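Student: Hi! Could you walk me through this one? I'm new to it and would like to start with a helix.

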Amino acid sequence: MSIEPVVDTVDRTNMRISKSEVAIDIVAMHKWYSDFHVLRDINLRVMKGERIVIAGPSGSGKSTLIRCINRLEEHQKGKIIVDDIELTNDLKKIDEVRREVGMVFQHFNLFPHLTILQNLTLAPIWVRGIPKAEAEETAMKYLHRVKIPEQAAKFPGQLSGGQQQRVAIARSLCMNPKIMLFDEPTSALDPEMVKEVLEVMISLAEEGMTMICVTHEMGFARQVANRVIFMDQGQIIEQNEPEAFFSSPQHERTKLFLSQILH
Amino acid sequence: MADTIYAYVQTASQEPLPPPGRTTGTIYWIQKNLFSSFSNTLLTVVVGLFLLWLLPILYNFLIGHAVFQGDANTCRINVDGACWVFIGDRIRFITYGFYPPAEYWRPNLVFWVGLALIIPLVWTGVPYKILNAALFFLVFPVFAFILLNGGSFGLLRVPTELWGGLMITLLLAVVGVVGSFPIGVLLALGRRSKLPIIKTFCVLFIELWRAVPLITVLFMVSVMLPLFMPQGTTIDKLLRALVGITVFYGAYMAEVVRGGLQALPRGQYEAASALGLNYWKSMAFIILPQALKYVIPGIVGTLISLVKDTSLVSIIGIFDLLNAIQSAGSDSAWATPTKSITGYAFAIFIFFILCFSLSRYSLYMERRLNTGHKRGN
């Protein structure tokens with residue numbers, strides 16, 4: 001792993017961080033897996049347009065944290081407010097949040113029994129109630145954006161890992177989300193396919209998408225993120241702008257982590 | 001270093017070559033599958049000798065020395081061959097039981113309409129699946145009931161005590177197959193529910209039905225159920241047997257389906273949730289289509305058991321195919337040496353056609369639904 005830039009230049013004209021609009025507000029949030037205290041007093045406010053990278057060693061709770069944001073995991077204490085909706089046991093509220101928050105998984109999780117096009121149109125048709133023809137048009141638009149329109153009729157099993165992950169991003173975008181969550185989107189990819197996925201993520205950032213990415217791609221973090229958050233043992237122990245984060249990490253644990261992954 | 005020439009590093013691009021020796025053709029197939037090793041060759045010879053002994057015996061009994069023409073007297077003097085004349089003579093009873101001969105057109109019509117609806121339904125290329133399914137699952141049962149039972153539209157009422165033979169076997173099989181499947185799916189989903197009441201109910205329901213032999217279930221519904229009913233009310237015996245078989249196999253089906261649900265990677269559930277699909281939509285579009293595909297062999301195995309177990313209804317006095325054949329043989333006019341064996345051979349033949357077509361259909365579906373994905377995660 002390195003902190004070499006992913007692309008030559010990043011166009012920052014549309015990257016605007018709102019001063020007043022809060023996208024995600026997490027207040028004094030705790031989570032346990034039975035007895036194990038996996039997230040401890042998490043406080044994080046994400047403004048609209050922010051691009052946040054969460055880093056940290058394995059088992060530090062970073063995936064669990066972003067999975068709490070769309071309630072794939074339940075928190076036991078504290079508050080999570082996404083797009084002005086507080087996450088509680090209310091299933092309607094949860095579905096409302098999930099409609100507005102896209103998620104990309106480490107293992108893509110495409111639906112193998114559906115074609116690429118059906119993967120992209122299923123949720124718009126059945127969740128948003130968009131007519132099929134319109135949903136397909138939107139789907140093709142996003143397939144063009146991730147540069148694989150020619151794969152529309154194939155099944156996920158016939159695509160490479162990098163292509164599958166780009167389809168997964170397009171699938172989320174078809175729901176026109178306000179926030180995108182990325183859970184180690186490049187960790188399961190062969191090295192030569194990492195870049196094509198990161199490029200798509202960078203182009204999303206260039207359009208001003210609010211993003212939270214759990215990733216070890218420090219080059220991406222440095223070029224795209226406006227904040228890097230470092231987690232260890234279920235706590236956020238450091239956050240900073242990328243340049244400062246990489247050049248002068250404050251915490252001992254952060255220094256150790258960076259020295260281990262950057263060489 | 002750079003000048004060192006390693007023998008294993010290719011210096012020129014290798015063109016693809018044809019494989020050495022034959023890899024196709026009959027002779028190759030025989031060599032590979034029958035005579036590839038000493039033990040394989042031995043097995044081939046032993047099985048070959050066994051078939052050489054068995055096939056002529058079967059042929060002589062079923063065809064060679066069998067009686068195809070004549071009457072009971074022709075059969076009586078023939079001890080070496082099957083008595084097909086018996087089947088031919090009693091075929092109406094074997095097919096319809098005591099159903100009034102003047103009304104045979106009714107079960108016939110139901111059979112052909114049912115077949116005309118099932119074939120396009122199970123054939124994946126045929127369009128209008130939703131209309132077809134609605135006709136088969138909603139309209140056809142009403143149509144079949146009115147026609148078979150009668151008593152309305154000027155049709156003579158034929159009580160179910162008179163129904164019998166192949167007609168009953170097909171009825172039990174089709175209703176059992178069509179009914180047990182949705183029951184199984186619902187029970188399987190219920191057993192994995194997060195709601196404790198639903199989960200407990202489903203677990204108890206499944207375990208209770210699976211803990212009891214089908215014969216006991218049939219006795220219970222035919223003998224004990226009427227004791228609990230208020231006096232004067234009766235539920236048709238055939239209906240009780242139908243419900244018993246359907247629910248019994250629904251419980252088995254539930255566990256097969258649950259196997260499929262558990263085999264599905266958690267990421268599929270998560271991806272469906274993350275897109276905002278609610279429980280029923282993610283089950284209908286994402287989870288069940290994949291889970292059921294994984295367990296097609298198990299589902300079909302259960303359905304085949306069901307089809308064969310319909311013959312158990314004979315113990316509560318319903319004249320299914322097997323019972324009808326046995327009763328037909330007890331007629332003293334057909335006191336011939338081979339009529340029983342012939343009857344059983346005929347029953348085997350019918351059951352084989354039913355079960356083998358189910359099995360073939362499941363293979364067809366497995367191939368049809370294969371989208372070339374290796375299971376990830």
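Student: Which residues of helix α14 of chain B are buried?

Tutor: This is a predicted model, so keep that in mind throughout. In α14 (residues 321-329) of chain B, the buried residues are L321(B), N323(B), A324(B), I325(B), A328(B) and G329(B).

Student: And what covers the buried residues of α14(B)?

Tutor: The cover includes α4 (84-96), α7 (166-191) and α15, which belong to chain B.

Student: OK, over to the strands. What is the strand order in the open sheet of six strands in chain A?

Tutor: The order is β6-β7-β8-β3-β9-β10, and the pairing is mixed. At the edges are β6 and β10 of chain A, each of which pairs on one side only. On average, neighbouring strands here are turned by 20° against each other, direction ignored.

Student: How is β9(A) joined to β3(A)?

Tutor: Strand β3 (residues 51-55) of chain A and β9(A) run parallel, with four bridges between them. Within that pairing, V53(A) is opposite V228(A).

Student: And how many bridges join β9(A) to β10(A)?

Tutor: Five, and β9(A) and β10 (residues 235-240) of chain A run antiparallel. V228(A) turns up again here, with N240(A) as its bridge partner in β10(A). M231(A) is bridged to I236(A) in β10(A).

Student: Where does the hairpin of β9(A) and β10(A) have a positive phi?

Tutor: At Q233(A), where phi is near 50°; the hairpin has two residues between its strands.

Student: How many residues of β9(A) are buried?

Tutor: Six of the six residues in β9 (residues 227-232) of chain A are buried, so the strand is largely enclosed by the rest of the structure. Both faces are covered. On one side the buried residues are R227(A), I229(A) and M231(A), and on the other they are V228(A), F230(A) and D232(A).

Student: Which helices lie across β9(A)?

Tutor: Two to look at are α1(A) and α9(A). Helix α9 (residues 252-261) of chain A lies across β3, β9 and β10 of chain A, at about 100° to β9(A). Helix α1(A) lies across β3, β6, β7 (179-183), β8 (210-214) and β9 of chain A, at about 150° to β7(A).

Student: What else does α1(A) lie across?

Tutor: Helix α1 (residues 62-69) of chain A also lies across β1, β2 and β4 of chain A, running at about 120° to β1(A).

Student: Those strands are new to me. What is the order of the sheet with β1(A) in it?

Tutor: That open sheet has four strands, in the order β2-β1-β4-β5 (chain A), with antiparallel pairing. The edge positions go to β2 (36-47) and β5 (85-86) of chain A; each has a single partner strand, so one side of each lacks a neighbour in the sheet.

Student: How many bridges are there between β1(A) and β4(A)?

Tutor: Five bridges, linking β1 (residues 22-33) and β4 (residues 77-82) of chain A. D25(A), for instance, is opposite I81(A) in β4(A).

Student: Switching topic: which residues have the most contacts inside the largest nonpolar core?

Tutor: They are I24(A), I26(A), I54(A), V82(A) and L261(B), in a core of 86 residues. Helix α15 (residues 339-369) of chain B gives the largest share of that core, seven residues. There is also a second, separate core of 52 residues, which includes V146(A), F182(A), L198(A) and F245(A).

Student: What does I26(A) touch?

Tutor: Leaving out residues up to four places away in sequence, I26(A) touches I42(A), N43(A), L44(A), L65(A), I69(A), K79(A) and I80(A).

Technical notes:
Residues are numbered from 1 along each chain as its sequence is written. Chains are lettered from A and ligands numbered from 1 in the order in which they are written. This is a predicted model: local features need pLDDT of at least 70, side-chain atom pairs count only at pLDDT 80 or more; totals for chains, interfaces and linings use all residues. Side-chain values use heavy atoms; hydrogens and water are left out. Two strands pair if DSSP finds at least two bridges between them. Contact means heavy atoms within 4.5 Å. Axes are lines fitted to C-alpha atoms, for helices over the stretch in contact, and angles run from 0 to 180 degrees between N-to-C directions. Buried means under 20% relative accessible area, exposed over 50%, partly exposed in between (1.4 Å probe, protein chains only). A nonpolar core is a set of buried Ala, Val, Leu, Ile, Met, Phe, Trp, Tyr and Cys residues joined through side-chain atoms within 4.5 Å.
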